[in-house]
Amino acid sequence: MDASTIFILVVVAALVGVLVYLIRRNRYVASLRARGWNFVASPGLDVTLGLNVAPFGLGFDRRASDLVWGAASDGTGFRALRYRSSAARPDGLVVVLALPRSLRPDAATGITVTLLEEESLHVDHDQLVLVGAPTDAAGLDAAVVRLAEARGRLLASPAASLDGPVPPQWLSFQGHADWVYKPRDDTYLPLVSCTTDGFSHEARDIILRADGPLPFVRLTHRWQTSHTWVDSEGRSHTRTDNHSEVVGEFIPQFPFADLSVNWGLFGRSQEFEWAEFNRRARINAPNERFASDVIHQRMMEYLLSWNAPAFSIAAGRIRFGGPWAPEDIAAMDRFLTGFFARVPDHVYRDLGAAQRPFPKATDAVSP
């Protein structure tokens with residue numbers, strides 16, 4: 001069998017495969033619509049607004065697809081969808097029923113209904129969520145009936161009287177409803193220090209917090225560069241390279257002078273009257289008196305309890321080492337809150353702050 005014959009057979013097999021997929025897909029959609037339901041293949045992430053409990057509210061590269069909505073045979077309104085992210089890939093469909101108001105996350109604990117082995121049930125603010133529902137029309141219908149039964153039992157239980165947190169009105173993160181997630185928005189690139197060379201600059205997987213004394217922006221910056229050269233035979237060639245970097249900064253909403261801990265490779269380290277601290281923490285600051293006021297004995301103990309993480313406060317921005325994953329941001333946010341809570345009152349007064357950005361710390365030094 002020659003190469004051209006093999007190529008033709010491969011093409012024919014691929015076309016047959018596509019045709020079979022399209023036929024099955026059309027039959028599947030028709031089976032859903034035959035029950036009076038609606039179907040959208042690519043609904044966008046707006047359909048997940050207000051949902052912030054796993055599988056929602058985790059990771060990056062979030063995608064919603066195959067949205068089904070309507071009413072089951074018992075009249076219960078529902079929406080069901082496939083959901084994927086870098087941190088969650090649940091099997092089957094996620095089915096959602098609205099609740100009259102937001103309830104506590106553990107409100108569904110103890111609600112007994114007959115679930116399939118691969119299904120799980122939980123409350124997500126003002127929604128009751130079933131994860132792992134069958135994708136076929138009959139199986140989905142039965143799952144919605146089970147979910148409606150669970151909803152009725154939940155609303156008849158004592159848990160229905162316990163109000164839960166207000167659902168976020170934006171894409172967010174589990175446990176951090178005040179964080180906003182944006183899959184892509186290039187207007188955030190000027191807010192952080194990132195590479196400006198090249199072209200086709202993009203800001204993706206953005207996390208931001210706009211409120212409070214320590215707002216922050218985190219994003220993945222993607223861009224391209226090109227290189228053109230002429231070979232020995234006078235022919236011109238151009239190569240395009242793709243680049244990516246993760247950048248992020250906290251942006252304090254209060255005055256603070258430049259200071260860094262274990263940051264960078266150069267600069268004279270300031271010495272303190274604790275040898276162990278000097279061994280583990282390198283403090284750099286243009287104003288040594290300011291650094292001495294900030295890095296007092298209790299602050300030294302706090303820094304060492306966190307193993308003296310690397311960070312820099314410069315020009316009104318705070319940077320730290322690490323990949324800026326959600327768990328890194330949460331940990332650094334806790335650390336910085338404790339750090340600024342241990343700065344003496346007179347330091348803030350000398351800097352011209354109207355008030356302390358955080359209450360004075362009274363807890364133990366451990367993280």
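Me: Which side does Y302 fall on, buried or exposed, and what about F335?

Reply: Y302 is buried, and F335 is buried too. The word is set by relative accessible area: under 20% is buried, over 50% is exposed, and anything in between is partly exposed, with a 1.4 Å probe and protein chains only.

Me: What sort of model is this, and how are its residues numbered?

Reply: It is a predicted model, in which local features need pLDDT of at least 70 and side-chain atom pairs count only at pLDDT 80 or more, while totals for chains, interfaces and linings use all residues. Residues are numbered from 1 along each chain as its sequence is written, and side-chain values use heavy atoms, with hydrogens and water left out.

Me: Which residues of helix α5 are buried, and what covers them?

Reply: Helix α5 spans residues 297–305, and M299, M300, Y302, L303 and L304 are buried in it. A helix is a DSSP run of H or I with at least four residues, a strand is a run of E with at least two, and both are numbered from the N terminus. The cover over the buried residues of α5 includes α3 (275–280), α4 (288–294), β13 (311–314) and α6 (326–341). After α5 comes N307, which has a positive phi, near 60°.

Me: How do you know whether F256 and Y348 are buried or exposed?

Reply: F256 has a relative accessible area of 13%, so it counts as buried. Y348 is at 2%, so it is buried as well.

Me: What makes the pair of Y302 and F335 stacked?

Reply: The planes of Y302 and F335 are at 10° and the ring centres are 5.6 Å apart, so the pair is stacked. Y302 belongs to helix α5 and F335 to helix α6, so parts 33 residues apart in sequence are tied together. Both rings belong to one aromatic cluster, whose members include F254, F256, F290 and Y348.

Me: Why is R62 said to sit over the ring of F173?

Reply: The rule asks for NZ of Lys or CZ of Arg within 6 Å of the ring centre and within 35 degrees of the ring normal. The charged end of R62 is 4.5 Å from the centre of the F173 ring. R62 also lies over the face of Y181, at 4.3 Å from the ring centre.

Me: Why is D141 called buried, and what does D141 touch?

Reply: D141, in helix α2 (residues 137–155), has a relative accessibility of 11%, so it is buried. Leaving out residues up to four places away in sequence, D141 touches R35, W37, A72 and S73, where contact means heavy atoms within 4.5 Å.

Me: Is S73 buried or exposed, and how do you know?

Reply: S73 is at 65% relative accessibility, so it counts as exposed. S73 lies in the loop between β2 (63–71) and β3 (77–84). Apart from neighbours within four places in sequence, S73 is in contact with D141 and V145. S73 and A142 are 69 residues apart in sequence, with their C-alpha atoms 8.9 Å apart.

Me: What makes I295 count as buried?

Reply: The relative accessible area of I295 is 1%, so I295 is buried. I295 lies in the loop between α4 and α5. Residues up to four places away not counted, I295 touches L259, F272, F277, I283, M300, L303 and F339.

Me: Why is S312 called buried?

Reply: S312 has a relative accessible area of 8%, so S312 is buried. S312 is in strand β13, and its contacts beyond four places in sequence include L259, S260 and W263.

Methods:
Phe/Tyr/Trp six-rings, centres within 6.5 Å; stacked < 30°, edge-to-face > 60°.
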